[in-house]
Each structure stands twice: as structure tokens, then as C-alpha cells.
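Hi,

Here is the structure I promised to pass on to you. Please have a look at it first, and then read my notes below.

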Amino acid sequence: MHEIEIFTDGACRGNPGPGGWGAILRSGGHEKELYGGEADTTNNRMEMMAVIEAVKSVKQPASLSITTDSKYVLQGMQEWLVQWKKRGWKTASKKPVKNVDLWQQLDSLLQNHQVKWTWVKGHAGHAENERADDLANIGVDEVLGLRVAQP
């Protein structure tokens with residue numbers, strides 16, 4: 001199975017506010033950078049969108065090593081998801097799961113992949129996490145009109 005490393009980050013200026021996401025995909029000697037943003041969103045949604053957009057760009061089943069600085073994404077996928085599904089997308093306190101649209105999309109996208117999750121501390125010098133943060137901020141800048149989108 002093809003092995004792909006994915007590094008992701010999200011950013012928000014205000015929470016909610018304009019946000020961006022960034023991702024790096026690496027396989028063999030190849031590397032791809034992705035980023036985007038939304039005008040009115042939250043940091044957690046941007047963290048999730050970074051993973052979603054990265055996985056969407058993987059065109060065939062693969063062994064994915066996903067590195068994030070988001071405990072929300074990591075715990076959601078490793079600890080909470082199974083129970084949320086069993087409870088009909090409700091939390092332990094019977095409230096609707098926040099960002100259910102993105103959790104369902106991410107869950108669906110990952111079905112055909114083997115996934116290993118890794119958490120790293122944000123803004124602590126991890127090179128790929130710092131670059132993913134830069135990309136997420138480029139996404140915010142484009143939403144705010146501070147940067148012209150590149151082809």
C-alpha cells in the first residue's frame with residue numbers, strides 16, 4: 001500500500017472569524033502543498049478542513065500518516081467518533097455533535113485508507129507543522145483580500 005505523510009493545520013483570526021487551513025502531503029520524493037480558507041468559520045472547522053482536503057487529494061487507498069497539532073481532531077477520530085456514531089451523532093450528554101458535517105465527511109473519506117494519527121505541539125518548531133501553519137495563514141490572507149490567489 002502506498003505510504004503518504006500528511007501534515008495539517010488550521011488558523012482563525014477571531015473564533016469565529018475568517019479562517020484558513022493548510023496541508024502538506026509527502027510521498028517518496030514528492031511533496032504537495034494545499035491551502036484554502038473561509039470568511040466565517042472556527043479554528044476547529046479549519047483544523048478539520050485541512051485533513052479533509054488533504055485526504056480528498058489522495059486518489060487511491062493508501063497508508064496515511066497524519067500529523068496534526070489539533071487535539072480536537074485527534075481525539076475526535078481516535079476516541080469520540082465510535083461513540084458518536086453509536087449514539088446517532090450525539091455527545092455523551094445527548095447534545096448534537098458540533099461540526100457533524102465535517103466529522104461525517106472525514107469518517108467517510110478515511111474508510112479506504114489505513115491511518116496512523118500523530119499529535120505535535122503547535123508553534124514548537126516542528127518544521128512541517130510550522131509550514132502547514134504558514135499555509136493556513138495564506139488561506140486566511142486570501143479570504144481577507146490581503147493576498148491574491150495563485151494558480
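This is a predicted model: local features need pLDDT of at least 70, side-chain atom pairs count only at pLDDT 80 or more; totals for chains, interfaces and linings use all residues.

Let's start with the strands. Strand E1 covers residues 2–12 and pairs with E2 in the antiparallel sense, over eight bridges. E2 in turn pairs with strand E3 (residues 30–41), again in the antiparallel sense, and here there are ten bridges. You can follow this through Gly20 in E2: Gly20 is the bridge partner of Ala11, and Gly37 in E3 is the bridge partner of Gly20.

The turns are worth a look too. Four residues sit between E1 and E2 in their hairpin, where Gly14 takes a positive phi near 95°. The hairpin of E2 and E3 has two residues between the strands, and Gly28 in that turn has a positive phi of about 60°.

How enclosed is strand E2 by the rest of the structure? Ten of its eleven residues (the strand runs over residues 17–27) are buried, so E2 is largely enclosed.

Next comes helix H1, with 14 residues (43–56). From first C-alpha to last, H1 reaches 20 Å, close to the 20 Å expected at 1.5 Å a residue. Its buried residues include Met46, Met49, Ala50 and Glu47.

Finally, the surface: Val143, Leu144 and Leu146 form a nonpolar patch there, with about 260 Å² of accessible area together. Val143 belongs to helix H4 (residues 127–143) and is partly exposed, at a relative accessible area of 30%.

Enjoy exploring!

Best wishes

Technical notes
Residues are numbered from 1 along each chain as its sequence is written. Side-chain values use heavy atoms; hydrogens and water are left out. Patches are made of residues with over 30% relative accessible area and no salt bridge: like charges are joined within 9 Å, nonpolar side chains (Val, Leu, Ile, Met, Phe, Trp, Tyr) within 5 Å. Accessible areas come from the Shrake-Rupley method with a 1.4 Å probe; for residues, only the protein chains shown count as cover. A salt bridge is a side-chain nitrogen of Lys or Arg within 4 Å of a carboxyl oxygen of Asp or Glu. Buried means under 20% relative accessible area, exposed over 50%, partly exposed in between (1.4 Å probe, protein chains only). The expected span of a helix is 1.5 Å times one less than its number of residues. Two strands pair if DSSP finds at least two bridges between them.
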